[in-house]
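Subject: Structure handover and notes

Hello,

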Amino acid sequence: MDKTVYNAFVELLGSELRLAMGCTEPIAVAYAAAKAREVLGQFPERIEMYCSGNIIKNVKAVTVPNSGGRRGLEVASILGAAFGDASLELEVISRVKDEEIARLQKLLDKDICHCHLETGKDNLYIRTEVFHGADSALVEIAEKHTYITRIEKNGERILSQEPLHLLKSDMSFLNLKDIYTFSKEVDLKDIDNLIVRQIDCNRNIAEEGIEKPYGSQIGRRYLGMYGDSDYRFKAIAYAAAGSDARMNGCALPVVINSGSGNQSITMSVPIILYAREKGIAHEEMIRGLVFADLVALLQKKYIGDLSAYCGATCAGCAAVAGIAFIEGRDLKVIGETIVNAISTIGGMVCDGAKSSCAAKIAMSLSTSFLAYDMALNGLSFKAGEGLVVDDIEESIARIGRMGREGMRSTDEEILNMMLGY
């Protein structure tokens, strides 16, 4: 493999597989608020939050970790501003103390935080403006959860950065053939630490969700219905359980993919359990996870991190593609598995982060295991059936275009209904 392309893959994995605590949208809000307070130099008397619809959608119904079970933009903002450590980025509120959680309600009662819908911006957009007396500060985040594009203090520009899409850090080099080659050839010392951390963190939160009754307990119910005699049922249950815990306030960290902990859990936990059940060697498991991580990112390069398209769809087929990779399947079978899955369940909508994400994860993985079985038996959806064409890459791109462009009006209507318009 060309060295430039090889290095681009390693760099991409390093930038995407980051540690985060809690749902990444409220954590990004808390990070922006913590950074704004840092710039201001004192706790603000007033906080004004301007967020894109997809941020609002994904913060509205999810429990913010270390908040005493509370939800919402105001909770995330004030928690970050009052007790967050901006240097920790997506772990910004990981060090909040019990006594600080007890003080949170008094700050919420003061009604100092006001949240506003910001239109005409990227799907991932946050602007925090804070005030104390005559002083003010502004922090703006766009496109990625911790990518700060602007910082101001008392109206003076301190930092200004180009939007990410204008920089070289795009994913245009991603394609299924090169992902396959890279995953086969990558020197494990270049990525092992990243993947081992993903294994440890994501397995821990999945086990937490099975052991304790978080949210709607989708993972526990799935295991109760189907048992664990087949590794596929167990894999689905544990992946869903990780989301159960994460959406309902569990403070355990996860390693994210495409800006999402849920997607990373969905993509990684089935492979981890498969490897354990089948006695797969550590190196083969690592390579399978690398392949799955990159297949998930391949799909999201067309869709973006946030949209009306449920990201569990991308992650579910990536997980099963990773298992197929470990089992030595060729690109035809793997590609047909991906296309079979996304052309079946690719219309599943994202109506915000919440307990039902775990159920969507279960449905996505179930569909993806079916898609793999079809591909193994020479059964795949043919060109001309819906968005499917002969070229696998083009089929993936078409589904991605549907998710990003075709579902844009769907995204707007979902947000309107959630906000009561």
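Predicted model: local features only at pLDDT ≥ 70, side-chain atom pairs only at ≥ 80, totals over all residues.

Residues are numbered from 1 along each chain as its sequence is written, and side-chain values use heavy atoms, with hydrogens and water left out.

Helix packing

Two packed helices are described by the angle between their axes and the distance between the axes. Here the axes are lines fitted to C-alpha atoms, for helices over the stretch in contact, and the angles run from 0 to 180 degrees between N-to-C directions. Helices (H or I, at least four residues) and strands (E, at least two) are DSSP runs, numbered from the N terminus.

Helix H12 (residues 312-326) packs against helix H13 (residues 331-345) at an angle of about 160 degrees, and their axes are 9 Å apart. That makes H12 roughly antiparallel to H13, since angles under 35 degrees count as roughly parallel, over 145 as roughly antiparallel, 65 to 115 as roughly perpendicular and the rest as oblique. In contacts, meaning heavy atoms within 4.5 Å, H12 contributes Thr313, Cys317, Val320, Ala321, Ala324 and Phe325, which meet Ile334, Thr337, Ile338, Ala341, Ile342 and Ile345 in H13. The residues of this contact divide into 10 nonpolar, 2 polar and no charged, where Ala, Val, Leu, Ile, Met, Phe, Trp, Tyr, Cys and Pro count as nonpolar, Asp, Glu, Lys and Arg as charged, and the others, Gly among them, as polar.

H12 also packs against helix H11 (residues 282-303), with axes that come within 8 Å and cross at roughly 145 degrees. The contact is made by residues that include Phe291, Val295 and Lys300 of H11 and Cys317, Ala321 and Phe325 of H12. By class, the contact of H11 with H12 has 13 nonpolar, 3 polar and 3 charged residues.

For helix H10 (residues 261-278) and helix H14 (residues 357-376), the axes come within 11 Å and cross at roughly 40 degrees, and H10 and H14 are therefore oblique to each other. Asn262, Thr266 and Pro270 in H10 meet Cys357, Ile361 and Leu365 in H14, a contact with 4 nonpolar, 2 polar and no charged residues.

Single residues

Thr149 lies in strand E6 (residues 148-153) and counts as buried, at 8% relative accessibility; buried means under 20% relative accessible area, exposed over 50%, and partly exposed in between (1.4 Å probe, protein chains only). Leaving aside its neighbours within four places in sequence, Thr149 is in contact with Glu140, Ile141, Ala142, Leu159, Ser160 and Gln161.

Most residues other than glycine have a negative phi. Asn154, however, is not a glycine and has a positive phi of about 50 degrees; Asn154 sits in the loop between E6 and strand E7 (156-160) and is partly exposed, with a relative accessible area of 42%. Gln217 also has a positive phi, near 55 degrees, in a residue other than glycine, and its place is in the loop between helix H7 (192-211) and helix H8 (218-226). At 24% relative accessibility, Gln217 counts as partly exposed.

Best wishes
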